[in-house]
Amino acid sequence: MLTMVEALERVMSAARAPLGERVSLAEAHGRLLAEELVCTRDVPPWNNSAMDGFAVRHQDVPGRLRVLETIAAGAVPTRVVVEGTCSRIMTGAPMPAGADAVVMVEKSRTEGDHAVLDSDAVVDQHVRPRGGDVAEGAVVLQPGRVMGPSELGMASSLGIPSVLVAQRPRVAILSTGDEVVEAGWPVHSGQIWSSNTQTLMALVREAGGEPIHCGIAPDHREGLEAALARCLRADVVLTTGGVSMGDYDIVRDVFSDMAFWKVAIKPGKPLAFGELKAPSGASIPLFGLPGNPVSCMVNFLEFVRPVLRTMLGDPRPYLPVRSARLTARIGKRPGRVLLARVALSWDDAGLVATPTATQSSGVLTTMMQADALTLIPLESGPLDAGDRVQVQILRWDWARGAHHQYPQ
Ligand code: AMP
Ligand code: MG
């Protein structure tokens, strides 16, 4: 049986490099950048005023100055500010030659074609310097960066209308089991509605991939192979169920090449990983995930998600890990890494982890309660209330309301 770290090394070596596709900025939201964005024009492109007011020579104020012109945002100054003069200027308008500071309009009074400015000034006061946000030639965004609101605004302010982003890896999802039926269809006695298909579809989407629903395969070889043939246009294939020791657990038989099928983690020991050969000769990574809904999710999060994130060019493909204090004992025997489900909260001493009521791998409700999974090492025994534990954050719901008060 492989350790978790060994298994991760094997699966990560199957992650292909990101492939790019060009999309408009509107479509780029939430995608990962697959190129460097370089600034080709200073932002802002010229010294400009940060205030509505008067562009002056700093040494001329306070004083009474003749107003040469009014410079609106979008206009170009036509006059040089010389001793005894100034120009009215609006926020964002280019600074006129000769002026080196701005006095805000609140500190002024108009007398005919003169302005009385009763404030002194220092050089560059209320002036936004050319290139002060980004200088020409600077690398503004690196590959792997998620295009969020500020990144999209930045790309746009550089004049870039479209960007190269990583293609979403296509992930085929195939449930297996004679007992498993798609929701919406009638179930006979002995059958259950599938949960794994919809869970995996959502997990793939959350990871940045494009899920392909490939239905449910029966527990016999010809049926399973026919169903897998529908999965071959994907970059990664996921199956669920049929990888344990049962008489009808046949998923392992359909791998073209299997690297391993057991990992020393709990929950979810049976995880088969290897490849499928497409008729074209290409090999496609195949994950045989366990059928138990919790094991299925946990194995996806630990092994499939980092592969998908790597294919997207994410420089940090793993879930974030923090240290938390346990509120209750967690039973454990040495031999497997324990990924126990915990709810998180926050107190004055930091992050607090409370194990869910059961750790059974079939109880999906516990995944709805869990904000994180523990990472308790292979050789560790049980942990007690008050012990510190490393937790992998799955979601941030617990952080809501933790600091909900605005300052007065
Ligand atoms: P298996 O590994 O095929 O023996 O499945 C283990 C357990 O997971 C069994 O109780 C199955 O009924 C259940 N299971 C398998 N596939 C699914 C699925 N798609 N949705 C919900 N439960 C499933
Ligand atoms: Mg089965």
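The model is predicted.

**Barrel.** Five strands form a closed barrel in the order S22-S25-S24-S26-S27, and their pairing is mixed. From one strand to the next, the twist averages 50°. Leu 326 has Ala 353 in S25 as its bridge partner.

**Aromatic contacts.** A pair of aromatic rings is described by the distance of the centres and the angle of the planes. The structure contains four aromatic pairs. Phe 260, Phe 273 and Phe 287 are linked by ring pairs into a cluster. Another ring, that of Trp 261, has the charged end of Arg 252 over it, at 3.7 Å from the ring centre.

**Backbone sites.** Most residues other than glycine have a negative phi, and most peptide bonds are trans.

| Cis peptide bond | Omega |
|---|---|
| Val 43 to Pro 44 | near -10° |
| Lys 266 to Pro 267 | near 0° |

Pro 44 is placed in the loop between strand S2 (37–38) and strand S3 (48–49). Pro 267 belongs to the loop between strand S19 (265–266) and strand S20 (270–277).

Positive phi values occur at Asp 124, where phi is near 75°, and at His 126, where phi is near 55°. Asp 124 lies in the loop between strand S9 (114–117) and strand S10 (127–128), and His 126 is also found in the loop between S9 and S10. Asp 124 counts as partly exposed because its relative accessibility is 49%. His 126 has a relative accessibility of 26%, and therefore counts as partly exposed.

Key:
Residues are numbered from 1 along each chain as its sequence is written. Chains are lettered from A and ligands numbered from 1 in the order in which they are written. This is a predicted model: local features need pLDDT of at least 70, side-chain atom pairs count only at pLDDT 80 or more; totals for chains, interfaces and linings use all residues. Side-chain values use heavy atoms; hydrogens and water are left out. Rings of Phe, Tyr and Trp (its six-membered ring) pair if their centres lie within 6.5 Å; planes under 30 degrees apart count as stacked, over 60 as edge-to-face and the rest as tilted. A charge sits over a ring if NZ of Lys or CZ of Arg is within 6 Å of the ring centre and within 35 degrees of the ring normal. Two strands pair if DSSP finds at least two bridges between them. Helices (H or I, at least four residues) and strands (E, at least two) are DSSP runs, numbered from the N terminus. Axes are lines fitted to C-alpha atoms, for helices over the stretch in contact, and angles run from 0 to 180 degrees between N-to-C directions. Buried means under 20% relative accessible area, exposed over 50%, partly exposed in between (1.4 Å probe, protein chains only).
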